[in-house]
Amino acid sequence: MTASSGSAGWYLRRLTRMGPQEIAGRVGDTVRRRRWRSAPPECPAVTGARFTAVLPEGAVDAVSPDAAKLLLAAADRLMYGRAEYFGVLRDDLSEPDWWYDPKTGRRAADGYAFDVPYRDENTVGDIKQIWELSRHQHLTQLAAAYALTGNERYAERVAEHLSSWWETNPPLRGVHWVSGIELGIRLLSWVWVRRLLDGWQGAATLFEDNPTAVQQIWYHQRWLAAFPSRGSSANNHVIAEAAGQFAAACAFDWFDSSARWRDDALRSLERHLRSNTFPSGLNRELATEYHGLVLELGLAALAEADAAGVPVPATVRRVLLRMTDALAAVVDNRLRPPRQGDADDGHGLVLDGAGCDRWASLLATGDAVFGRLDWWPEVTGADVRTPLLAALIKPAQAAASRPATRPAHFADAGLTILRGPGEIWCRCDGGPHGFLSIAAHAHADALSVEVRHDGVDVLADPGTYCYHGQPAWRQYFRSTLGHNTLRLGGADQSVSGGPFLWTRQARTRVLTADPTGVPVARWCAEHDGYRPAVHRRRVELAATSRELTIFDEVRGTGGEVTLAFHLGPEIAADLVGGRAQLTWIKDGEGRSAVLDLPEQLAWRAHRGESEPSPSSSSRGYPMLGWYSAGFGRKEPTTTLVGTGDTNGVAAAGEFTTVLRFQG
């Protein structure tokens with residue numbers, strides 16, 4: 001186990017991952033924070049402010065009745081003070097306490113923002129629980145409900161919450177002035193709240209004619225201009241900061257600094273969209289939910305640019321187009337993308353109710369903005385966000401070539417999708433460990449596979465579950481043992497230095513990628529995370545026999561081998577010796593498969609264990625058999641773990657696993 005972030009050891013390890021320019025920038029940030037404590041910047045006086053970034057006439061009329069129904073159901077629950085955040089049901093949101101964590105019952109203390117120990121759950125509570133409500137995405141839902149219905153009770157509740165938040169969270173006070181991504185997303189929410197409330201008689205009084213609101217909007221932008229995410233932290237956070245700052249500078253262009261903030265934010269957004277995205281269109285963090293977050297933020301920023309008549313570099317549209325095509329390429333037949341890397345259920349812009357499919361919504365927006373290709377999967381259902389964004393984004397050629405057929409191998413990202421009959425879908429991971437020097441949202445999952453049948457997780461990626469406050473769970477869910485791959489010598493392939501830090505990263509290379517091979521699709525890759533030993537894995541999917549075969553080979557120095565296969569929560573498993581009979585129900589019909597496991601290893605099934613026995617081979621992790629469908633939620637599932645060693649094994653230590661789908 002590693003020390004949690006915030007310890008002296010963590011700070012030292014974190015420092016070693018920074019370059020001179022980043023260190024200098026962070027030193028400047030520290031000096032500025034100290035100066036602001038005694039001499040905070042002053043918001044300039046503003047007169048004659050007006051909001052003109054409204055929706056075009058008739059835009060709301062394009063929202064489908066089904067999408068409106070889902071949104072209004074969520075809005076009505078919010079009117080009763082009810083919502084769910086990260087698995088915690090809340091009924092206290094009629095008059096929320098903005099610093100309260102319902103999970104631990106703790107409340108963050110008041111004080112100068114940069115003194116708040118927000119990573120310390122024992123002091124502050126679960127920071128994700130506290131921050132999420134203050135992204136004000138529940139207010140964009142309520143404001144959208146007002147725009148659809150004209151019912152002023154939704155608008156009045158928005159006004160009550162904003163007034164309460166602004167009073168409770170004056171500039172630079174408390175936990176909500178600590179993290180730039182939170183300020184950026186909050187600004188984007190405020191832009192859309194004001195836009196959606198435009199028909200309400202109290203909208204101007206709440207925003208542009210309200211000195212408190214004007215001060216908050218100015219301070220959020222001044223903060224973001226002063227403290228951007230830097231260097232090794234310039235991942236999805238910096239894109240959220242830039243998108244929020246750009247949106248606010250376009251829509252709330254009331255300040256002398258607005259044009260400069262807008263231009264600086266656009267330059268940052270363009271640069272970091274490119275740097276965060278592979279040429280193939282996949283996000284470089286190799287964490288699928290962050291692909292979705294960045295795409296949402298980019299599309300929202302593009303909408304603000306077109307609404308304000310601000311030209312954007314052609315590269316912005318090209319990157320967003322490539323990201324959209326890449327998403328369309330990797331989803332399974334139920335429009336579910338890979339469950340790769342970290343996932344915290346973060347959204348850029350929320351205008352829909354619970355039950356709206358995030359990925360279908362993004363593909364629908366991509367269709368409306370860029371146009372779908374013939375090979376794209378069909379998107380069913382409807383959402384609120386797509387017609388509203390499409391009403392603002394002007395049609396324009398992205399001047400980029402698009403794939404004529406559905407890509408299945410993304411060489412730069414090391415991601416390969418094998419597809420077979422009966423809607424068999426298999427993701428093979430042979431890509432970089434993560435993005436930038438700290439690879440913050442990576443997992444130790446090199447050469448892992450993820451297998452689905454008609455959208456059901458059969459061999460599942462267990463997910464993420466948590467970030468702060470539960471270090472043992474955090475470490476387990478991103479460990480090698482927590483993925484469908486091989487562990488050698490009881491160690492992870494990559495070395496963790498903290499919950500968002502890797503100090504040594506396995507290097508992976510793909511040797512073969514033939515995802516369209518007939519009659520057998522093939523993939524092969526290897527990594528050096530156990531150097532001097534090398535783990536090589538081959539995967540073959542035979543279309544005619546509906547058989548997936550995995551060959552694991554350890555070359556070089558051997559030792560203790562642990563091979564794990566995590567089953568999805570819908571899968572029942574009967575393990576006898578080295579064979580597991582798998583059964584599940586899909587659309588009312590029974591389905592089954594047989595998993596033949598390497599006979600050289602001793603196999604055990606684990607389910608929902610938090611204190612397994614010493615013989616469970618979970619060395620270093622007191623848990624096995626868990627699946628996290630979303631952040632803050634986990635449920636028992638079955639994990640099959642085989643243990644043994646490479647001594648005396650034929651073919652330099654080769655282990656063969658065969659998954660046969662039967663029905």
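D61 first. At 66% relative accessibility, D61 counts as exposed; the cut-offs are under 20% relative accessible area for buried, over 50% for exposed and partly exposed in between, with a 1.4 Å probe and protein chains only. D61 sits in the loop between α2 (20-38) and α3 (65-79). Helices here are DSSP runs of H or I with at least four residues, strands are E runs of at least two, and both are numbered from the N terminus. From D61 to L142 is 81 residues along the chain, and their C-alpha atoms are separated by 17 Å.

Ground rules, quickly. This is a predicted model, where local features need pLDDT of at least 70 and side-chain atom pairs count only at pLDDT 80 or more, while totals for chains, interfaces and linings use all residues. Residues are numbered from 1 along each chain as its sequence is written, and side-chain values use heavy atoms, leaving out hydrogens and water.

Now the opposite case, helix α16. Six of the eight residues of α16 (residues 385-392) are buried, so the rest of the structure largely encloses this helix. The buried ones are R385, T386, P387, L388, L389 and L392. What covers them? The cover includes α8 (180-196), α13 (288-308) and α15 (358-370). Contact means heavy atoms within 4.5 Å.

Next, two loop residues. H483 lies in the loop between α17 (471-477) and β8 (486-488). Buried or exposed? H483 has a relative accessible area of 1%, so it is buried. Leaving aside neighbours within four places in sequence, H483 is in contact with H443, A444, D445, S448, D461, F477, R478, A564 and H566. A polar atom of the H483 side chain lies 2.6 Å from the backbone oxygen of S479.

S233 is in the loop between α10 and α11 (236-251). The side chain of S233 makes a polar contact with the side chain of R26, at 2.9 Å. A polar contact is a pair of N or O atoms within 3.5 Å; within protein, one must be able to donate a hydrogen and the other to accept it, and residues adjacent in sequence count only if both atoms are side-chain atoms. Not counting residues up to four places away in sequence, S233 touches R14, E22, R26 and L436.

On to the rings. A pair of aromatic rings is described by the distance of the centres and the angle of the planes. Rings of Phe, Tyr and Trp (its six-membered ring) pair if their centres lie within 6.5 Å; planes under 30 degrees apart are stacked, over 60 edge-to-face, and the rest tilted. The count by this rule is 26 aromatic pairs. W218 and W261 form a tilted one, 6.3 Å centre to centre with 55° between the planes. This pair links distant parts of the chain: W218 is in α10 (residues 211-226), W261 is in α12 (residues 258-275), and they are 43 residues apart. Both W218 and W261 are buried. F252 and W254 also form a tilted pair, at 5.0 Å and 50°. F252 is buried at 0% relative accessibility, and W254 is buried at 11%.

Charges over rings. The rule: NZ of Lys or CZ of Arg within 6 Å of the ring centre and within 35 degrees of the ring normal. The charged end of R153 sits over the ring of Y154, 4.7 Å from its centre. R538 lies over the face of F551, at 4.0 Å from the ring centre.

Last, strands. Two strands pair if DSSP finds at least two bridges between them. Five strands form an open antiparallel sheet, in the order β3-β4-β5-β6-β7. Its edges are β3 (409-410) and β7 (456-459), each pairing on one side only. Six bridges join β4 (residues 415-420) to β5 (residues 424-429). R419 has W425 in β5 as its bridge partner.

Further along come β12 (residues 520-527) and β13 (residues 534-542), antiparallel over eight bridges. A hairpin of six residues joins them. W523 is bridged to V539 in β13. Then β13 meets β14 (residues 547-555), antiparallel over nine bridges. H535 stands opposite V554 in β14. Four residues separate β13 and β14 in their hairpin, and R546 in the turn has a positive phi of about 50°.
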